[in-house]
Amino acid sequence: MAEPGLLRGYRIERVPSPPRGSVAIITVLSLLAALIFGGLVLALSGENPLTIYQAMLSGALGNWNGVAETLVKTTPLLLAGLGVAVAFRMQLWNIGAEGQLYFGAIFASWMALYLAPGAPGWLLVPLMIVAAMVGGGLWGLVPGILRAYFGASEIITSLMLNYVAILFSDYLIHGPWRDPQAFGFPGTPAFPDAAWLPRWGTTRVHLGLLFGLVAALLLWFLLRRTRWGYEIGVMGENPRAALYAGMPMARTIILVMALSGALAGLAGMSEVAGIGHQLQRNLSPGYGYAAIIVAWLARLHPIGAVLVAFLLAALTVGGDQLQMSLGLPAAIAPMLQGTILFFLLGGDILTRYRLVKRTPALAAVTRENEPA
Amino acid sequence: MSQPSAAPAIAMRGITKRFGNVVANDQVDFSAAWGEVHALVGENGAGKSTLMSILAGLYRPDDGYVEIDGQPVQFRSPRDAIAHGIGMVYQHFMLVDTFSVAENVVMGERTGGVSLQLPRVEQRLAELGETYGLEVDPRARIWQLSVGEQQRVEILRLLYLGARILVFDEPTAVLTPQEAHSLIRTLRGLAAQGFTVIFISHKLDEVLEVADQISILRRGRIVATMPAQGTDRRELARLMVGRDLAPIVEDPAHSPREATITGDTILSLRNVTAIGEKGVPALKQVSLEIQAGETLGVAGVAGNGQSELAEVVTGLRRTTAGAIHVAGRDVTNRPAGEIARAGVAHVPEDRLATGLIGSMDLSANAILREYGQPPLAQGPFLSSAAVANFTDSLIARHDVKAPGRWARLRTLSGGNQQKLLLGRELSGAPRLIVAVHPTRGVDIGATEAIHAALREQRARGAATLLISEDLDELLALSDRIAVMFDGAVMGIVPARGTDPEEIGLLMAGVAPEATAHG
């Protein structure tokens, strides 16, 4: 019962179901607090915070180009975020979305370059989708099986597999899959045209965004309206009740990890087929990790993930614009992004938990009186 | 230690305590004299624990005050209360298992600097133990002690710290009948020495045995205070609930027990052995049979294999030897879902930990057994309409008080949670019902409803394995009672005509042969 001095006389209590209104207010207040804090830092380093914020906002959302770029970044964040969310629903802490994304990209590239390079687009794109979901799914399956049958922590195994996947991708593009005409520049040859996802007008927004939106709707339906979704919910909320009801625990762990990986894999496919048109280095600037934030801030809700992915993408694009248009030091944008995220996550904790003033040792008696 | 004072030892005046909109104590006046055992009785949620937590310094009242010996006092913490001589023994002991008795006692002391001065403490504890009949080896580690001895440590600790007013929160709930008797003698002895003892309980026999004065709390108010002489269980029960109850114990002579038993064996266990949480055998060669229409009660002090028995029968724990058959079918080590589909209903020991999902809504909880069957399931999909119908009818049929099917389960009271769970489990007309502490932590009204439902099932021809720590409940509902001790069945006795004392001896591990000689 010993507590740090700061919390003396208070205890932290979980809010059973935060009212929607307070969530909105706290989110806005968190954003505001972040902007004020970031503004202080900017002012201290001799910049005008208002100019910078304005530049960020207009960079991300101020014109069609900015909005389009934000949507481009939304796509992988959304797909990988959905993958993370479905696993987290079952209390499976899959933090391997990054590796699963890479493996999806690898399998999609394999399909486009070596397995069916001559196929027409209406066939090749679906084949690449399937390949990417199989690749990402397999990469999620490994920690799933290790967890289901050997009790190995999926946090550790899925994280370690990220490095394996990224290094394997590096091996392919430096070795067997390297484009011989690229003058030693690492990367596979460009995909055949049929493998390119259609784009929206002159922007870089591509069909992958639609994959993300459809996946969000399907996932919502799956979790909400199917027996399997119900089982995932029960297993996540009370595994012992799931055992009591005779639900197939091990099988569901494996399948959910595979589904989680498959969605991240689809994010990888949409990046290579929609943006790069080849498998290259640094395919993802950490989408798989940002996906964890997306899932968490969305409270693991598929539709919420759409919104959060868009906001996070706007933050990234706004920051990038800053660097380009104002020529600010490279560290400013990540500092602001970090500040905003930090405050948002902090505010999120405030909506989930609250501080309650206590009379001393109240904890003991509430434990006693808790209904069995 | 006598207190020559006309003022009551303790007086609580006009105490009001609210939690949000709930008034837990409403203008309560309560007093107890020196040298008196004062029992505080009431249903769950009547406000007993809140009132005593105020006395022990855990809560501060919203209104009203406490007097000791006629002097108003204010407590900011339990330590303040102890300094004024008030100490509380909780149901769950606050002891560190790996520490010795003396080490546990000094934990509550703040004087004496860095040195623990254990020899001094040990000597003092030995003296106190001798004076008050609470002998415990001060150097023994807590884990080496029985539950009854651990409780003595709690009492000794309070005496050591100078408490003169001792509050006991349902102290006999964890004890064997023998240990309970010994405790009651100790409490009488303390009162005779001038201590004030406040005794919270809902076991009315015990209250009548130990108390000088009885106060009854109902819905946060004291409804009566009377001497124990001249009242009886029936009057107390009536005051507690505010109406007459169906007698808790059925009159055995009028009970149509054997009438329902048809002779078909529904559950049979042959030499079943299983390993418990701690890796040691929790069930040792358990054999028993239950017939259709029969209720087999299982008695025993907590932790003697009853929980594991329920778990192996329902598929939540693996057996290491032996065989389990349900209606002739071998279900040994089959998955829980398959056993449930074979017609086994399970009211588990800890409903929120096992049988329900507190964070999900009522419909998600209602469909836990049936979600895979039509009409709830339409292929891989769940039919929202069917789920809503199913839940609403369950709520209506079993009188579950809830704002609606969308309410989170955790927001319901314990009794309503249990009614929902029981209703769900009984809805499939089960052949076997495994009910573990079905009325623990639920109020008397819900208890009656649950008992009635179990009786109805028995009349319908269901076999019931009823595990309970409440002997009255077992005697009222069972045809036979199996007593467990240390993972084995010590004996199976008919519920009718068996002396509860005999069951108590079996619970303490005294085999029938030994009783005959001793």
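I count two residues as in contact if their C-beta atoms, placed from the backbone, lie within 7 Å. The model I am looking at is predicted.

**Entry 1: chain A against chain B**

I looked up the contacts between the two chains and found 27 residues of chain A in contact with 40 residues of chain B. On the chain A side, α8 (227–237), α9 (239–244) and α14 (362–369) each supply at least two residues. I note that α8(A) gives the most, with 6 residues. Sorted by class, this side of chain A has 15 nonpolar, 7 polar and 5 charged residues.

**Entry 2: a helix pair in chain A**

Next I took α4 (residues 97–115) and α5 (residues 121–150) of chain A. Their axes come within 7 Å and cross at roughly 145 degrees. The crossing of α4(A) past α5(A) is right-handed. From α4(A), the residues making the contact include Leu101(A), Phe103(A), Phe107(A) and Trp110(A). From α5(A), I listed several, among them Leu124(A), Met128(A), Gly135(A), Gly136(A) and Trp139(A). The class count for this contact is 18 nonpolar and 6 polar residues, with no charged residues.

**Entry 3: the six-stranded sheet of chain B**

In chain B I traced an open sheet of 6 strands in the order β6-β7-β8-β3-β9-β10, with mixed pairing. Its edge strands are β6 (86–89) and β10 (221–227), each of which pairs on one side only. Direction ignored, neighbouring strands are turned by 20 degrees against each other on average.

At the β10 end, I checked the pairing with β9 (residues 213–218) of chain B: the two strands are antiparallel and share 6 bridges. Within that pairing, Leu217(B) has Ile222(B) of β10(B) as its bridge partner.

**Entry 4: helices on that sheet**

Which strands does α1 (residues 48–55) of chain B touch? I found that it packs on the sheet against β3 (37–41), β6, β7 (165–169), β8 (196–201) and β9 of chain B. The direction of α1(B) makes about 150 degrees with that of β7(B).

I then checked burial, taking a residue as buried if 20 or more other C-beta atoms lie within 10 Å of its own. By that cut-off 8 of the 8 residues of α1(B) are buried, so the helix is largely enclosed by the rest of the structure. Lys48(B) is on the buried list, as are Ser49(B), Thr50(B) and Ser53(B). After the helix comes Gly57(B), with a positive phi near 85 degrees.

**Entry 5: strand β13 of chain B**

Is β13 (residues 295–299) of chain B enclosed or open? All of its residues count: 5 of the 5 are buried, so I take the strand as largely enclosed by the rest of the structure. In a regular strand the side chains alternate between the two faces of the sheet. In β13(B), Thr295(B), Gly297(B) and Ala299(B) point one way, while Leu296(B) and Val298(B) point the other way.

I followed the strand to its partners. With β20 (residues 463–467) of chain B, β13(B) pairs in the parallel sense over 4 bridges, and Gly297(B) has Leu466(B) as its bridge partner there. With β21 (residues 480–485) of chain B, β13(B) also runs parallel, joined by 4 bridges. In β21(B), Val483(B) stands opposite Ala299(B).

Notes: Residues numbered from 1 in each chain as written. Chains lettered and ligands numbered in written order. Predicted model: local features only at pLDDT ≥ 70, side-chain atom pairs only at ≥ 80, totals over all residues. Nonpolar A, V, L, I, M, F, W, Y, C, P; charged D, E, K, R; others polar. Pairing = 2+ DSSP bridges. Axes fitted to C-alpha atoms, helices over the stretch in contact; angles between N-to-C directions. Buried ≥ 20, exposed ≤ 12 C-beta atoms within 10 Å, placed from the backbone. Left-handed = near helix turned anticlockwise from the far one by under 90°.
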